Amino acid sequence: MTTTLAQHAEAEAARSSAPVTAIAVRDLRMSFAKRGGGSALRPRVTRVAAVDGISFAVKKGEIYGILGPNGSGKSTLIRAISTLLIPDSGEVKIFGLDLQKDEAQVRRLLNRVSVDAAFYKKLSPRENLLYSAGLYGIPRAEAEAKSLEILRRLGLREKAFYEPLEEMSRGMQQKVAIARAFLASPVIVLLDEPTTGLDPKSRRDVQEFVLELRDAHDATIILTTHDMPEAERLCDRIAFIHGGRFVAEGSADELRARVGGNATLEDAFIQLTGDDLHSDDQEDT
Ligand SMILES: Nc1ncnc2c1ncn2[C@@H]1O[C@H](COP(=O)(O)OP(=O)(O)O)[C@@H](O)[C@H]1O
Ligand SMILES: [Mg+2]
């Protein structure tokens, strides 16, 4: 059960005062078939590794950043952790529960937000949140109060609660998507590029909102981004991902120190991966 598990984790932390591991990923691999070359009659199909042997652990209450350019494997990794993709091999444990063996239990602990969050765009934020609350089994009155509280915190004018979502800015819609993920007070939230494509003001708002929600819910968060300042601002620890592999991991300070001098995080990324974060920037997927 969700509460029992969370309570168990807390009790464990109090006893040992050692941080509890919320997410443990071991040697995860995921590849996709790609067509290319060969002849028309015998097209060559090769397997391309999108996630190529990734291992890491995230502590309870941590915001863990995965920083890398487009195509580096961030979304594939997030999908595998959120049980949307079955990996070729490797292991994911959520508070000691196995992702595949205990899928039903794990699903209750996790929530994912991606840039392509699906909404009923003709409905208002309030209606969307109440609908999701219903799916989560949150009682109507509680859902109503919780949704209104969240919408106020999002900085929404009262009038906008009732207006169709499609009339709102992308930044606002993204906030509603993140709010929805936190509605059921999940223990773990996976945020896949929550600020990509947003204007600077909305990006800032969403970042503040994420920090606030983490503190309010004591959630554990994995966040992917290709924005250096965002990773520095939000993440307790950061992993550089490149070509489906983790190239380095540590706090922003630790990563900078690894290349020495007055290196910025961007310098560290370029030196440690041998690549530029923006070299292949395209439309995000
Ligand atoms: N469903 C899929 N089918 C085939 N290839 C895919 C699929 N999803 C991702 N890939 C490939 O896997 C690699 C990693 O993609 P992705 O995880 O989306 O990276 P990111 O989120 O960092 O941009 C890319 O080469 C991409 O083309
Ligand atoms: Mg992606």
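## Helices H9 and H10, then the whole protein

Select helix H9 (residues 252-259) and helix H10 (residues 265-273): their axes come within 8 Å and cross at roughly 60 degrees. Axes here are lines fitted to C-alpha atoms, over the stretch in contact for helices, with angles from 0 to 180 degrees between N-to-C directions. That angle makes H9 oblique to H10 (under 35 degrees is roughly parallel, over 145 roughly antiparallel, 65 to 115 roughly perpendicular, the rest oblique).

This is a predicted model, where local features need pLDDT of at least 70 and side-chain atom pairs pLDDT 80 or more, while totals for chains, interfaces and linings use all residues. Residues are numbered from 1 along each chain as its sequence is written, chains are lettered from A and ligands numbered from 1 in the order written, and side-chain values use heavy atoms, without hydrogens and water.

Next, show side chains. On H9, pick Ala252, Leu255, Arg256, Arg258 and Val259; on H10, Leu265, Ala268, Gln271 and Leu272. These residues make the contact (heavy atoms within 4.5 Å).

Now zoom out to the whole protein. Colour by secondary structure to find 10 helices and 10 strands, which are DSSP runs numbered from the N terminus (helices H or I, at least four residues; strands E, at least two). The C-alpha atoms fill a box of roughly 55 × 50 × 50 Å along the principal axes.

Finally, colour by accessibility: buried residues make up 48% of the 285 residues (buried is under 20% relative accessible area, exposed over 50%, partly exposed in between, with a 1.4 Å probe and protein chains only). Among contacts between residues at least 6 apart in sequence, 69% join residues at least 24 apart.
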